[in-house]
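Please examine the sequence and the structure shown below.

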Amino acid sequence: MGRFRLSQGLKCGLPVILFLLAGFVAPLLAVVTYSFMPPRSFGITNNPTLANYAEIFISNTYIAFYWSLLFAFITVSILTVICYPIAYGMVRVFGRWAAVITLLFTIPLFVSENVRLYGWVLFFIKNGVLLGSIRSLFGYNFDSLLFTKGMVLLGMVYVYLPFMLFPMSLGVAMVPNDTREAAADLGATRWQVFREIELPLSMPGAVIGLLLSFVLAVGSISESKILGGQVIIPITHDIEIAFTYAQNWPLGAALAVMLMVVVGSLVLIVLRRFDLDVILGKR
Amino acid sequence: MPGLNQRNRHTLIWAWTLAVLIFIYLPAASILLASLTSSRYFLFPIKRWGLVWWHKTFASLEVHQLFTTSIIMALCVTVVAVSIGFFGALAFARYDWRGRSFFQKIVLLPIFFPQSVLGLALLLWFNALGVELSWKTAVFAHLVWIIPVVTLVISIQVYSFDPALEEAAFDLGASRWQVFREVTLPILLPGVFSGSLFAFLLSWGNFPLSLYTTGADTTIPEYLYAKMVAGYTPGVPVLGTVSTFGAAIVLLGGYFTIVWRRGRRK
Amino acid sequence: MSSNSPIFELRQITKNFGKLTAVDHIDLVIAEGEFLTIVGPSGSGKTTIVRMLAGMETPTSGDLMLRGKRINDLPANKRPTCMVFQSLALFPHRSVGENIEFPLKMSGVDKRERRERALELLRQLQLPEDYYGKNVTKCSGGERQRVALARALAFDPEILFFDEPLSAIDYKLRKTLEKELKDIHRETGKTFIYITHSLEEAMVMSDRIGVLKAGRFVQVGTPDEIYSKPANKFIAEFMGDVNIIPVKSSGTGKLISPYFEESIVPPIGSDITAGYLVIRPEFLRFVSGKSDADNVIAGKLYNEYALGSRVQYQVRVGEHVFIVEKLRQQAPAAGTDSGVMIGWDAKDSVMVGN
């Protein structure tokens with residue numbers, strides 16, 4: 001014994017690892033490198049500078065950050081309230097229908113975001129489905145409801161709902177039935193069973209749902225563009241502008257790096273504490 | 001369990017869920033309605049119904065080109081993602097090895113990542129490498145986030161796979177290749193099937209990654225977006241509806257296939 | 001079981017998993033055609049030994065000989081062995097018939113022959129023929145056991161391993177399957193190597209039993225030997241309820257024990273001067289006087305338990321409890337809390353050193 005052999009697991013994982021190195025790690029490193037390049041330059045061979053990061057704070061671009069984070073936070077809070085009853089229902093109420101309902105919630109995921117948001121545009125626009133109906137039924141003429149902060153939030157809640165719902169369902173499914181019944185048997189009221197048993201035990205799933213939807217919401221861009229016009233500019237939009245109109249790739253890169261740092265730290269902190277095997281169903 | 005309020009509670013939960021489902025499908029309904037007008041503009045309630053824009057869209061050469069691009073990309077993504085993701089799932093869920101928990105977290109990272117930022121990062125990277133942007137670079141971009149998703153989906157199936165089955169087959173005289181072909185692959189096939197569905201649909205409907213990495217080629221989502229921000233085009237609701245229904249049909253078809261196959265084994 | 005030629009020989013076999021020694025330099029000779037059971041508590045290493053014999057683990061050191069040839073590195077699919085796993089490992093995506101035919105398919109047997117052989121095995125294992133196309137997940141526990149066995153027999157191995165196959169089954173079915181296994185062993189004449197944690201199960205079926213503790217064999221012998229001449233306290237206790245009395249030599253050819261005043265006549269032939277005296281519950285009897293048995297002690301009837309055809313009595317002698325087991329018909333007349341005398345003959349006791 002003692003021959004050097006790659007473990008079976010490593011052999012299987014190698015293609016994925018190599019691909020992610022080339023397609024995920026490397027580009028992100030490129031972005032980091034770019035962020036230290038002189039403003040408005042191209043290529044990565046120039047002398048490193050912190051000018052871009054300085055620019056972010058001087059020009060108040062970081063306010064866009066604040067908006068992105070705030071909206072993501074509000075979205076996630078709303079989603080938690082909306083999704084928990086549904087997640088609960090998936091596991092304990094719907095019975096045979098759970099699979100169909102899951103399917104119904106899954107289908108929109110595969111339609112491009114833009115198309116789905118566009119549907120909302122058609123719904124809320126002047127003479128659109130909602131306003132047009134109101135006008136023809138009641139005779140009231142409203143202006144388009146689009147291009148408000150509320151609209152953007154609606155869009156975000158809409159788009160990121162499945163990402164909160166599915167991990168939460170996994171979490172609720174993790175609460176063993178007999179534990180709940182035992183608690184009730186020992187005198188706990190329905191609310192107490194929920195607070196003492198169901199909530200803590202479904203936490204891992206709920207937290208992953210929170211994390212996933214928050215991270216994705218921070219990176220959202222379509223909702224504010226399509227439904228919000230220019231009413232808020234999220235950080236992703238600033239990044240895009242820097243890369244396209246402004247032709248200032250290093251600045252865009254610096255903004256992206258900051259976003260990545262925020263997102264990355266959150267993800268690592270949270271994922272660290274979870275044993276994925278248990279959550280995903282290893283026996 | 002206190003049964004007095006349970007019925008009310010369950011009714012409420014049903015009602016809430018159905019309400020949310022309606023909320024989810026309102027946009028799809030709006031688009032469908034918009035596609036059924038024969039007028040150039042969208043006015044609700046619809047005065048002039050007609051399928052004229054459906055005819056025009058399906059006849060359009062530009063649309064055919066878009067379909068071809070999107071489908072070819074989705075097929076490439078599916079094949080590569082499932083091949084790599086299958087083994088990734090084995091590494092994720094089956095074998096015990098030293099780097100495993102680190103591997104699990106690394107695989108998840110691209111999923112927990114804002115896609116627009118990923119798209120831009122890839123744009124930068126391709127540029128730094130001097131690679132010309134085309135649908136091929138977009139396929140690569142799609143794979144960066146779809147391979148982890150497929151890995152995860154197949155892993156869920158792998159978790160319930162009993163390794164004793166492979167050992168038993170080996171013990172009964174099968175060669176390593178026979179074990180894989182007769183036992184491992186057939187049992188994991190449902191997971192592979194789901195993974196393929198996911199890969200195809202996620203690539204088909206992807207926008208942020210395509211936007212930055214397709215270069216001169218265009219996918220359907222990109223086309224729709226360009227038309228959307230330019231103002232109202234009647235063709236957009238048609239394509240949008242096709243997209244939605246297409247995804248629904250593929251998914252439902254996949255689901256019923258799985259159910260039918262499971263039923264066949266009885 | 002006559003002196004058949006050895007089929008398997010383990011010479012100083014050791015298996016380490018990192019720092020953990022699961023199997024510690026064991027020697028064992030397995031005769032062809034015998035039914036050998038390896039018994040031990042969880043973690044004693046029994047599954048590891050069998051996995052090494054089957055080829056699923058390689059020994060860290062030592063020699064594994066199959067009919068005189070060293071096979072340490074021979075892969076499992078090339079050995080004339082077959083294992084029935086604890087979980088049975090039936091292929092869920094294949095029917096009963098396809099499961100049974102699997103080894104035949106692997107070695108290239110054609111369809112018709114395979115089917116014939118599978119039906120033959122179904123009959124041999126008392127499964128209805130129309131189970132051929134049935135999905136294995138729909139079979140009951142006992143049926144699945146039989147399918148797993150049929151599949152192993154289809155491979156036609158010379159040696160069959162059984163890894164605690166009956167541990168998850170209810171009592172009645174287990175008893176039935178134990179008898180059936182014994183019958184199949186007799187019919188096929190193959191070597192059976194069986195693992196269990198229950199010594200009782202081993203006693204029913206085996207030609208020989210090897211008791212394993214912490215990776216080493218503490219005793220290997222026939223069921224009778226293990227039962228009536230346990231090598232040490234561990235094995236004596238492993239069987240279940242038994243009376244174990246710490247004793248030492250009194251110097252006058254008798255034994256004394258801290259448990260009671262009377263001195264004890266030891267069994268003949270034991271030269272152990274300090275250790276334990278082992279008396280099985282069924283060898284203790286209720287007596288009326290000191291001359292009714294070699295050894296008689298006085299105590300109080302404390303409790304009784306009905307165990308089907310036998311009754312178990314707990315007799316308090318001083319601070320210690322003796323267990324007496326009698327058939328129903330031999331029950332004493334006394335009631336609980338009454339004084340009784342129990343006795344045994346020296347030949348029915350065993351001395352163990354530790």
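In chain C, strand β11 (residues 243-249) runs antiparallel to strand β12 (residues 255-257), and 2 bridges join them. Strands here are DSSP runs of E of at least two residues, helices are runs of H or I of at least four residues, and both are numbered from the N terminus; two strands count as paired if DSSP finds at least two bridges between them. C:Lys248 has C:Ile256 of β12(C) as its bridge partner. The model is a predicted one, in which local features need pLDDT of at least 70 and side-chain atom pairs count only at pLDDT 80 or more, while totals for chains, interfaces and linings use all residues. Residues are numbered from 1 along each chain as its sequence is written, and chains are lettered from A and ligands numbered from 1 in the order in which they are written.

The β11 and β12 strands belong to an open sheet of 5 strands in chain C, ordered β13-β12-β11-β14-β20 with antiparallel pairing. At its edges lie β13 (260-264) and β20 (349-352) of chain C, each of which pairs on one side only.

Chain B is built otherwise, with 11 helices and 0 strands. Its pattern along the sequence is α-α-α-α-α-α-α-α-α-α-α. The C-alpha trace of chain B spans about 70 × 70 × 35 Å along its principal axes.

Of the 266 residues in chain B, 48% are buried, a residue being buried if 20 or more other C-beta atoms, placed from the backbone, lie within 10 Å of its own. Among the contacts in chain B with a separation of 6 or more, 75% are between residues 24 or more positions apart; a contact requires C-beta atoms, placed from the backbone, within 7 Å.

Definitions and conventions
Buried ≥ 20, exposed ≤ 12 C-beta atoms within 10 Å, placed from the backbone. Contact = placed C-beta atoms within 7 Å.
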